[in-house]
Amino acid sequence: MRAAAVVLVLAFALAGCAGSDSEATNSSSSSSMPASTSSSSSTAPVPEPVLPSEPATLRFDLLGCSNFGATVTVPSAEAQAQLPAGFTPIDSTDVAGGSVLYLLGLSCDGSRVNGNETGPATLAYAELAVVPSTEAKFEGRTDCTVPLFFASDNAAVGAVLEELQLGNAGSGDVSWSANNAGDVVVAASREGASVTLRGVYQMAPAGGALGSGNFVLYGVQEGALRSTVAASYAGGTGQEAALTFQSTNVPTLGAARPVARGFSVQGFDLHFEEVRQA
């Protein structure tokens, strides 16, 4: 996510599109029972079938979060191979033939899934910055990403990530350790893939205050678009950071440079809602 990714990389950059504020709405339908009428027939009227309501959209929130991550350059050909038809990766301004990937750890004091409190959550993710196909664009937002790896130690959050099919997504072993000197280590593993981030950020002077914005995540598996998730962030204070990383079996990261421009953002919230597009 560019604006968002800088918050998700400055706040996110799990790895979104800036644009107008809009909240996806959930529609449901069911047939109503007809009003009873008197009848001289002894045969009882056959009731109308009750149609099932449309499944609710998936929503989750991450609250009181800090992140630590970097903007990474990966080979454009490898990035393109991970995307659905019509999607293209964002070119890196650092290296010719390179594309932008956001690599982040995220530690949150609380979470909610479909309105239910689900406790603290630690996450790690790697996501490509992309331009979506014309058909997949949402509300004209331009800050968009496709996660390749998205893991959480919180089972409820992990279950939503998996259901949204955000790449190799779901519950995993994720840890975040930090000290008062600004040293941070984030380690995550899930289904044979792993990533570890190590680095340090300045504790003082305080970084710049961040506002709010919108972005979009696209769930992609096996080269096909599986889901669209509208998201937003609010609040936070950003710091620059120095960072190194290691990875195993995370697409495109094996060919990335191991040192990247880093950042950390503290004190922000993230909100995600699945979009049901016709």
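## Disulfide

The link of Cys65 and Cys108 is right-handed, with 110° about the S-S bond. It joins distant parts of the chain, as Cys65 lies in strand S1 (residues 59–75) and Cys108 in strand S3 (residues 98–113), 43 residues apart. The two sulfur atoms are 2.1 Å apart. A disulfide is taken here as a pair of cysteine sulfur atoms within 2.5 Å, and by this rule the count comes to 1 disulfide. Cys65 and Cys108 are both buried. Buried stands for under 20% relative accessible area, exposed for over 50%, and partly exposed for what lies in between (1.4 Å probe, protein chains only).

The model is predicted: local features need pLDDT of at least 70 and side-chain atom pairs count only at pLDDT 80 or more, while totals for chains, interfaces and linings use all residues. Residues are numbered from 1 along each chain as its sequence is written, and side-chain values use heavy atoms, with hydrogens and water left out. Helices (H or I, at least four residues) and strands (E, at least two) are DSSP runs, numbered from the N terminus.

## Strand S5 and its partners

Strand S5 (residues 121–131) is largely enclosed by the rest of the structure, because 10 of its 11 residues are buried. Strands count as paired if DSSP finds at least two bridges between them. S3 and S5 run antiparallel and are joined by 8 bridges; in this pairing Leu103 has Ala126 of S5 as its bridge partner. S5 is also joined to strand S6 (residues 144–152) by 8 bridges, again in the antiparallel sense.

Strand S2 (residues 88–89) pairs with S5 as well, antiparallel and over 2 bridges. Here Pro89 stands opposite Val130 in S5.

## Aromatic pairs

A pair of aromatic rings is described by the distance of the centres and the angle of the planes. Rings of Phe, Tyr and Trp (its six-membered ring) pair if their centres lie within 6.5 Å; planes under 30 degrees apart count as stacked, over 60 as edge-to-face and the rest as tilted. The structure holds 5 aromatic pairs. The pair of Tyr125 and Phe150 is tilted, because the ring centres are 4.7 Å apart and the planes stand at 35°. This pair links distant parts of the chain, with Tyr125 in strand S5 and Phe150 in strand S6, 25 residues apart. Tyr125 and Phe150 are both buried.

Phe215 and Phe272 form an edge-to-face pair, 6.1 Å centre to centre and with 85° between the planes. Distant parts of the chain are linked here too: Phe215 is in strand S11 (residues 212–221) and Phe272 in strand S13 (residues 259–274), 57 residues apart. Both Phe215 and Phe272 are buried. Ring pairs connect Phe60, Phe215, Tyr233 and Phe272 into a cluster.

## Helix H3

Helix H3 (residues 155–163) has Val157, Gly158, Val160 and Leu161 buried. These residues cover an arc of only 160° around the axis, which puts them on the same side of H3. The arc is that of the directions from the helix axis to the C-beta atoms.

The elements that cover the buried residues of H3 include S1, S3, S5, S6 and strand S7 (168–171), where contact means heavy atoms within 4.5 Å. Ala155 and Glu163 are exposed, on the face of H3 turned away from its buried side.

## Salt bridges

The whole structure holds 5 salt bridges, each defined as a side-chain nitrogen of Lys or Arg within 4 Å of a carboxyl oxygen of Asp or Glu. Glu117 and Arg112 meet in one of them, at 3.8 Å from N to O. Glu117 is exposed at 60% relative accessibility, whereas Arg112 is partly exposed at 24%. A network of salt bridges links Asp61, Arg112 and Glu117.

In the salt bridge of Glu139 with Arg141, the closest N and O atoms are 3.1 Å apart. Glu139 is partly exposed, with a relative accessible area of 35%, and Arg141 is buried at 3%. The side chains of Arg190 and Glu191 form a salt bridge at 3.5 Å, N to O. Arg190 is buried at 9% relative accessibility, while Glu191 is exposed at 62%.
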